[in-house]
Amino acid sequence: MALKNIRLEVMKTIESKVDGFIDEYLIPVDNIWQPTDLLPNLQGEEGLEHVKQIREEAKELGYDFWVVLVGDMVTEEALPTYESWLMDVEGVDQQRRADGEQNPWSKWVRHWTGEENRHGDALNKYLYLSGRVNMREIEKTTQHLINDGFDIGTGRDPYKNFVYTSFQELATNISHKRVGQLAKKKGNKMLGKMCNIIAGDEMRHYMAYREFVKTIFEHDPSEMMLAFHDMMKKKIVMPAQFLRESGEGIAQAFENFSNAAQRLGVYTTYDYIEILKKLNQYWEIDKMRALTDEAEKARDYLMKLPDRMTRIADRIAIPKDEYEFKWVEPNGIL
């Protein structure tokens, strides 16, 4: 059987479990938080006072902090790119069945997208109310990122896509959680709570995607191992890899954004390594048997990779100087 057909067969086999994954890892619309739950109620008499409080608290947060918060928000706002990518994965059928029901995989993607969409909405509104950033420049960056799209190296392969989403959801969980912790330390309880709640969503999504991969390992271990190996050998690129400011070339802003995140300790090379370790451990790749010779070699590579990456990371120096973005003026715009 052709490689593509094997993947389709596995996706079809797992399809019956997807509704269960939706029930376990996603939350119904009427029960989940919405951005307005975390922001000032401008219909209420105290709404403007709460906005003033946001602006005052914003003065306590440093330059790199705002750069990272903007980068995280823009990454969330580029959601149309991620949905269209996942909808094109082999085994995800967008057509409804004769009974009107959605294909389970496309239903997952749509429901996951619905939850993710709230993250960008909440952070965008907070940034707008803070008065600390240049929203028009940020909006240009968001539009550029959607226009430019991305290539995460997965093609239409569901195995590779689920490795990517498992990794990336945990990375965003870490980033949002740490931004929230930094905000809380500076006395910004509202932003701290917002980022922490968003991080909780990302953790649920991570748990779902890692379960998809674990299930695939049960049905097609050698090919899943090779897909995992391929993604890690090429490296997991961030969704914001093509981040750019207005008037600048593609991807020029990402390195400076990444440096800011590393200086703050929000997301570092060591976090990347720890995520790989967690995935290796959860999928128990060290215990897998009956693999092909090629898959055995791939497994050995994955087991050794964290130590190899740590040795490299120990030699990397992060620039100490802050890069001045168009998104955030040095002295703020308060």
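Which helix does His205 lie in? His205 lies in helix H9, and helices here are DSSP runs of H or I with at least four residues, numbered from the N terminus. Before going further, note that this is a predicted model, where local features need pLDDT of at least 70 and side-chain atom pairs count only at pLDDT 80 or more, while totals for chains, interfaces and linings use all residues. Residues are numbered from 1 along each chain as its sequence is written, and side-chain values use heavy atoms, with hydrogens and water left out.

Let's stay with His205 for a moment. This histidine is buried, at a relative accessible area of 0%; buried means under 20% relative accessible area, exposed over 50% and partly exposed in between, using a 1.4 Å probe and protein chains only. Not counting residues up to four places away in sequence, His205 touches Tyr25, Leu26, Trp112, Glu115, Glu116 and Glu169, where contact means heavy atoms within 4.5 Å. With Glu115 there is also a side-chain to side-chain polar contact of 2.7 Å. A polar contact is a pair of N or O atoms within 3.5 Å; within protein, one must be able to donate a hydrogen and the other to accept it, and residues adjacent in sequence count only if both atoms are side-chain atoms.

His205 also turns up in the UniProt record. An unreviewed entry there gives a "binding site" annotation to Glu116, Glu169, Glu202 and His205; such positions are given in the numbering used here, feature names are shortened, and annotations may be inferred rather than shown by experiment. These residues span 90 residues in sequence, yet no two of their C-alpha atoms are more than 10.6 Å apart, so they gather at one spot. From this set, Glu116, Glu169 and Glu202 belong to the lining of the largest cavity. On a 1 Å grid over the protein atoms alone, a cavity is a set of points where a 1.4 Å probe fits but cannot get out, and lining residues have an atom within 4 Å of a point.

Glu169 sits in helix H8 and is buried, with a relative accessible area of 5%. Leaving aside neighbours within four places in sequence, Glu169 contacts Trp112, Glu116, Glu202, His205, Tyr206 and Tyr209. As for H8 itself, the helix runs over residues 158-185 and reaches 40 Å from its first C-alpha to its last, close to the 40 Å expected at 1.5 Å a residue (that is, 1.5 Å times one less than the number of residues). H8 is mostly covered, with 22 of its 28 residues buried. At its start, a side-chain oxygen of Asp157 comes within 2.8 Å of the backbone nitrogen of Tyr159, and just after H8, Gly187 takes a positive phi of about 85°.

Now for another "binding site" listing, also from an unreviewed UniProt entry: Glu76, Glu116, His119 and Glu202. They are spread over 127 residues of sequence but cluster in space, with a largest C-alpha distance of 11.2 Å. Glu76 belongs to helix H4 (residues 63-77) and is buried at 8% relative accessible area. His119 belongs to helix H6 (residues 104-130) and counts as buried at 0%. Beyond four places in sequence, Glu76 touches Glu116, His119, Gly120, His176, Ile198 and Glu202, while His119 touches Trp33, Glu76, Ile198, Asp201 and Glu202.

Technical notes
Helices (H or I, at least four residues) and strands (E, at least two) are DSSP runs, numbered from the N terminus. On a 1 Å grid over the protein atoms alone, a cavity is a set of points where a 1.4 Å probe fits but cannot get out, and a pocket is an open set with protein on both sides within 12 Å along at least five of seven lines; lining residues have an atom within 4 Å of a point.
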